Amino acid sequence: MVEQDLRELRKKQIIIQNITYVFGIASVGIVLIFVKSLKAFSFMAGVICLISFIIGMITRKRGELIEIIVPSMRPLFDYEREKLGIEYWKIKKRQLFIQALLPVMMVFQGILISDNNSAVYERPDLRVLLPFALIVLVVMNISSYCHIKKIDKSNPELNGYANRILLYGIIGGIVLGGLITFKIVASVAF
């Protein structure tokens with residue numbers, strides 16, 4: 001792939017990724033404001049995660065959803081599939097596993113939450129949610145930048161790349177879970 005074309009496709013990829021993220025966060029924020037119970041939100045999130053899994057299963061052989069929606073992105077994803085080789089399919093399988101696990105977790109959470117207690121769900125505090133959303137946006141862009149540099153400057157095939165991504169995801173999840181737990185404990189204690 002020509003360097004200039006690759007740069008243009010990467011710019012378009014980052015723009016689409018950021019627009020999608022902002023749209024998703026805005027949608028979640030609106031739903032959080034208007035939904036009356038955490039139980040209903042958990043079931044709604046489970047349905048959305050299930051739809052994401054189904055779309056992932058349908059598109060897994062045809063490519064990424066973005067390249068189906070925006071066909072001009074196909075050369076970029078073909079380039080990444082070629083560079084990653086077998087690692088690309090390992091990453092896709094792990095993504096599908098997580099997408100299958102999330103709806104189960106959300107529905108299970110919805111079943112466990114009692115709707116009888118009005119203290120269970122309060123209106124979201126945007127002073128807390130907005131900084132979290134901005135932190136995730138920054139981390140997502142840094143992660144994308146590192147991914148792009150790793151793919152574009154690497155050997156033809158990246159051995160062990162899927163395992164490193166999994167490790168970074170686990171570490172990031174632990175840190176984010178710790179921050180959320182700290183926020184919950186701090187709000188209950190103070």
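Predicted model: local features only at pLDDT ≥ 70, side-chain atom pairs only at ≥ 80, totals over all residues.
E3 forms a salt bridge with R7, and their closest N and O atoms are 3.8 Å apart. Both sit in helix α1, 4 residues apart, which means about one helical turn separates them. R7 is partly exposed too, at 42%.

Further along, E8 forms a salt bridge with K11, with 4.0 Å between the closest N and O atoms. These two are 3 residues apart in helix α1, so again the separation is about one helical turn.

Now for a pair from two helices. E80 forms a salt bridge with R10, at 2.5 Å between the closest N and O atoms. E80 lies in helix α4 and R10 in helix α1, so this pair ties together parts that are 70 residues apart in sequence. Are they buried or exposed? At 6% relative accessibility, E80 counts as buried, and R10, also at 6%, counts as buried.

Helix α1 gives the largest share of the lining, 6 residues. By type, the lining has 6 nonpolar, no polar and 7 charged residues.

Last, the surface: a nonpolar patch there, including L167 and Y168, has about 700 Å² of accessible area. Helix α7 gives the most to this patch, 7 residues.

Definitions and conventions
Residues numbered from 1 in each chain as written. Heavy atoms only, no water. Patch = residues over 30% accessible without salt bridge, like charges linked within 9 Å, V, L, I, M, F, W, Y side chains within 5 Å. Areas by Shrake-Rupley, 256 points an atom, 1.4 Å probe, with all protein chains shown as cover. Salt bridge = Lys/Arg side-chain N within 4 Å of Asp/Glu carboxyl O. Nonpolar A, V, L, I, M, F, W, Y, C, P; charged D, E, K, R; others polar. Buried < 20%, exposed > 50% of the residue type's maximum accessible area, 1.4 Å probe, protein only.
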